[in-house]
Amino acid sequence: MVMVVLTMVLTFCNHIAVDETVRYTPHPNDPGKTLLQQEAVVTVSGVPLTHYMEELLTSKICFNSGMGRQAMEWVIEKLHLEEFDDLLTQTVRQFDDLTSKTRRGMDDLQSAIKSFDEIHNLTSSPSSQSMPKF
């Protein structure tokens, strides 16, 4: 699937026109990536120094598109870091929960052993030394 965005900007009393085309296409080798192709055609008419104005605007558009790429890469990096932070937080939470459950289980086991020992002491026959003689 290819998405194409076309824009036309007229400024300076219709003396400057910028026709921009942006294409988003799937990466041919990696379906998890998207290719972006940006094209701008700058037309200046009816003003002095037409060629100079076209070059100045084209240069500015190129600079801005580079900044846009840096901004997109920054956002993507932040999203990856947030995903990692979320994964780390979730892992720590699960580990803490597991540790807590294990600690409770060990406490319950110690209590059960203590209770078993107490019951065993009550039900075992007393030694002959502790029995009174009649």
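Buried means under 20% relative accessible area, exposed means over 50%, and partly exposed lies in between, with a 1.4 Å probe and protein chains only. The legends below use these words throughout. This is a predicted model, in which local features need pLDDT of at least 70 and side-chain atom pairs count only at pLDDT 80 or more, while totals for chains, interfaces and linings use all residues. Residues are numbered from 1 along each chain as its sequence is written, and side-chain values use heavy atoms, with hydrogens and water left out.

View 1. You will find 1 helix and 3 strands in the protein chain. Helices (H or I, at least four residues) and strands (E, at least two) are DSSP runs, numbered from the N terminus. Of the 134 residues in the chain, 6% are buried.

View 2. Two strands count as paired if DSSP finds at least two bridges between them. To get your bearings, look for Met 3 with its bridge partner Tyr 24 in E2, then for Pro 26 with its partner Thr 34 in E3. E1 and E2 form a hairpin with 4 residues between them, and Phe 12 in the turn has a positive phi of about 55 degrees.

**View 3. Met 3, Val 5, Tyr 24 and Leu 36 make a nonpolar surface patch.** The patch covers about 340 Å². Patches are made of residues with over 30% relative accessible area and no salt bridge, with like charges joined within 9 Å and nonpolar side chains (Val, Leu, Ile, Met, Phe, Trp, Tyr) within 5 Å. Accessible areas come from the Shrake-Rupley method with a 1.4 Å probe, and for residues only the protein chains shown count as cover. Met 3 lies in strand E1 and counts as partly exposed because its relative accessibility is 45%.

**View 4. Two salt bridges can be found in the model.** A salt bridge here is a side-chain nitrogen of Lys or Arg within 4 Å of a carboxyl oxygen of Asp or Glu. One joins Asp 30 and Lys 33 at 3.9 Å, N to O. Asp 30 is partly exposed at 28%, and so is Lys 33 at 48%. Another joins Lys 101 and Asp 97 at 3.4 Å, N to O. Lys 101 and Asp 97 both sit in helix H1 (residues 50–123), 4 residues apart, about one turn of the helix. Lys 101 is partly exposed at 48%, as is Asp 97 at 38%.

**View 5. The largest pocket has a volume of about 620 Å³.** Among its 14 lining residues, Thr 34, Leu 35, Leu 36, Arg 69 and Met 72 are the closest to its centre. E2, E3 and H1 each give two or more residues to the lining, and H1 supplies the largest share, 6 residues. On a 1 Å grid over the protein atoms alone, a pocket is an open set of points where a 1.4 Å probe fits, with protein on both sides within 12 Å along at least five of seven lines; lining residues have an atom within 4 Å of a point.

**View 6. Leu 49 lies in the loop between E3 and H1.** Its phi is positive, about 60 degrees, although Leu 49 is not a glycine. Most residues other than glycine have a negative phi. Leu 49 is exposed because its relative accessible area is 62%.

Conventions: Grid points are joined across faces, edges and corners, and a volume is the space filled by probe spheres set on the points.
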